[in-house]
Amino acid sequence: MDHSHMDHSGMGHGDMGHGDMPMMCSMNMLFTWDTTNLCIIFRQWHIRGTTSLVFSLLAIIAISAGYEALREGIRRYESSVAAKQEAVPSEPNTESSTLLGVGRSSQADTIGRRAHLVKAVLYGAQNFYAFMIM
């Protein structure tokens with residue numbers, strides 16, 4: 001088919017604005033040295049030059065150190081809860097005590113419930129942090 005007689009030069013495509021388009025994030029999933037259009041964690045955290053790359057690397061180190069500090073804080077909290085529970089005097093075993101709580105006082109149960117709730121929140125924060133770093 002001969003289409004030489006069709007002239008599409010008069011078709012106006014308008015100003016598509018390709019020159020002022022914002023830089024897109026590159027999707028390099030493998031280890032690469034190319035930092036052009038690199039985005040870290042969010043699209044808004046965009047590497048545009050050497051200075052932003054250096055500050056981003058320092059921020060990533062600080063975030064990772066914060067994660068390790070959170071993990072250490074959780075370990076210390078668990079140790080302190082265990083010490084508090086051991087320090088509470090145990091109740092004598094009587095016929096009216098339940099089988100699941102033999103030798104434990106109600107104060108130790110209260111400490112354990114509160115600690116369980118706090119540990120659940122800390123675990124959620126730790127997992128959020130871990131997925132953000134990943």
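How many of the 134 residues of the chain count as buried? The share is 13%, where buried means under 20% relative accessible area, exposed over 50% and partly exposed in between, computed with a 1.4 Å probe on protein chains only.

## Model and confidence

This is a predicted model, in which local features need pLDDT of at least 70 and side-chain atom pairs count only at pLDDT 80 or more, while totals for chains, interfaces and linings use all residues. Residues are numbered from 1 along each chain as its sequence is written, and side-chain values use heavy atoms, with hydrogens and water left out.

The mean pLDDT of the chain (the predictor's confidence in each residue, from 0 to 100) is 77, and 69% of the residues reach 70 or more. Over residues 14-18 the pLDDT is below 50, and beyond near neighbours in sequence this stretch has zero contacts in the model, a contact being heavy atoms within 4.5 Å. Where pLDDT is low, the predicted coordinates should not be read in detail.

## Helices and their contacts

The chain has two helices and zero strands, both kinds of element being DSSP runs numbered from the N terminus (helices H or I, at least four residues; strands E, at least two). Among contacts between residues at least 6 apart in sequence, 39% join residues at least 24 apart.

Y67, found in helix α1, counts as buried because its relative accessibility is 15%. Leaving out residues up to four places away in sequence, Y67 touches Q126, Y129, A130 and I133, and its C-alpha atom is separated by 9.5 Å from that of A125, 58 residues apart along the chain. Q126 lies in helix α2 and is likewise buried, with a relative accessible area of 18%; beyond residues up to four places away in sequence, Q126 touches Y67, L70, R71 and I74. I133 also has its place in helix α2, but counts as partly exposed because its relative accessibility is 37%.

Not counting residues up to four places away in sequence, A115 touches Y77 and V81.

## Largest pocket

A pocket is an open set of points on a 1 Å grid over the protein atoms alone, where a 1.4 Å probe fits, with protein on both sides within 12 Å along at least five of seven lines; lining residues have an atom within 4 Å of a point. About 660 Å³ of space lies in the largest pocket, the volume being the space filled by probe spheres set on the points, which are joined across faces, edges and corners. Its lining has 20 residues, of which L38, C39, I40, L57 and I60 lie nearest the centre. The elements that give two or more residues to this lining are α1 (50-87) and α2 (106-133), and the largest share, four residues, comes from α1.

The lining divides into 16 nonpolar, three polar and one charged residue, with Ala, Val, Leu, Ile, Met, Phe, Trp, Tyr, Cys and Pro counted as nonpolar, Asp, Glu, Lys and Arg as charged, and the others, Gly among them, as polar. C39 is found in the segment before α1 and, not counting residues up to four places away in sequence, touches C25, W45 and H46. C39 and M24 are 15 residues apart in sequence and 8.7 Å apart in space, C-alpha to C-alpha.
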